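Here are my notes on the charged side-chain pairs in this one. Have a look at the model before reading on.

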Amino acid sequence: MTHPAAVIAQLAIPATLDSRDPAAADFIAAGRLLNEHMLELWGNTDFHDTPQTQLAGFRTTPVRRRLLFAARSGDEILGLATLSLPLTDNTHSALVNVVVAPHARRMGLGSRLYAAAEQAAAADGRRTILGETDHPAPEGTAAGAAVRPKSGTGAIPSDAAVAFAQARGFGLEQVERISLLELADAAVGQETLDAAVAAAGAGYGLEFWRGPCPEDLVDAYAQLRKKMSTDAPLAGLDLEEEQWDAARVRETERKALEMDAEVLVSVVRHLSSGQLAGHTVLMVFNANPAVAFQDDTLVLREHRGNRLGMLLKTANLVRLHQELPEAARVWTWNAAENGYMLSINDRLGFLPVGWSGEWQKLLPAV
């Protein structure tokens, strides 16, 4: 069964959300469909983004370009495919996401949207297509068949999203555990932080910033972000080290500001050498201040074994409560094989609420 009237076309990313911009109404409708999909999937509005945040996220930057394809019938947008194209590293790859409104499913729109996105990626010289599927499943992988990744660790339920990815030729490379921390139930406070400081020893010191990185730390911080891109478990994903420098850090900060997000960073310094040994990042969108998202957490290899991961995450959660007291919960994603970080999360009170599948498809050489 196919939708008789739907047309697949690329949507323009508007310069503004002003109603006088003819592309604004379509973009707002597309953003609404993305929000409705996340509400359907998770049953809450924790992943709801305002149109301004969505617009800032879709704007091209020096490091990334994003394209948006829509399936539409008249003025109604029935489905979307988003395509993310790295511009400074991993330029062989593209990230695709496909969403179709519930009443328009099983009409071939998802397949047509994906085909449009893949064609655009291939035309841009991309040979590796990446995708991600989310699977809320607090009790495990849910009843029924489970699909295991090539990494050999973890599993996701065999549902419609999995069937769609497999039918498009994707292979499941890795599973990530999605975890949630309810801050009211977490045993994270000054006493916990004092214990983490003592466990790390006198050789390390904590530093913190909210918003822009201090100028005297930006080069060292860029090196931590660079290491994060390959030190986290990648399983068989065809990804290379990201290129980070001070300019990229500043560009990331500008984008967060445009998305109306607060960014909290804790770093740990090796006192005898002065080296930044690790960092962790939390992000909170001002339009949804009860929800925080855990971004990077990294300890450099030469400093591991000193319980710095626990120190960093505890310190940033304490600062989150001090700086943004409306924050009530924290979401985080970790590779299923990253036992060390998962054990830290467990001790802090994070509970598993689902799984994500990391998918990959290699296009034939031309």
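The points below go through some of the salt bridges.

1. Ground rules. This is a predicted model, so to speak on its own terms: local features need pLDDT of at least 70, side-chain atom pairs count only at pLDDT 80 or more, and totals for chains, interfaces and linings use all residues. Residues are numbered from 1 along each chain as its sequence is written, and side-chain values use heavy atoms, with hydrogens and water left out.

2. The tally. A salt bridge here is a side-chain nitrogen of Lys or Arg within 4 Å of a carboxyl oxygen of Asp or Glu. That rule gives 23 salt bridges.

3. R225 and D296. Their side chains form a salt bridge at 2.9 Å, N to O. The pair links distant parts of the chain, 71 residues apart: R225 is in helix 6 (residues 218-231) and D296 in strand 12 (residues 291-299). Helices (H or I, at least four residues) and strands (E, at least two) are DSSP runs, numbered from the N terminus. R225 is buried at 11% relative accessible area, and D296 is buried at 12% (buried is under 20%, exposed over 50%, partly exposed in between; 1.4 Å probe, protein chains only).

4. E251 and R254. E251 is buried at 14%, whereas R254 is partly exposed at 44%.

5. R319 and E323. Here the N to O distance is 3.2 Å, and both residues lie in helix 8 (residues 308-323), four residues apart. R319 is partly exposed at 27%, as is E323 at 25%. Both also belong to a salt-bridge network with R210 and E262.
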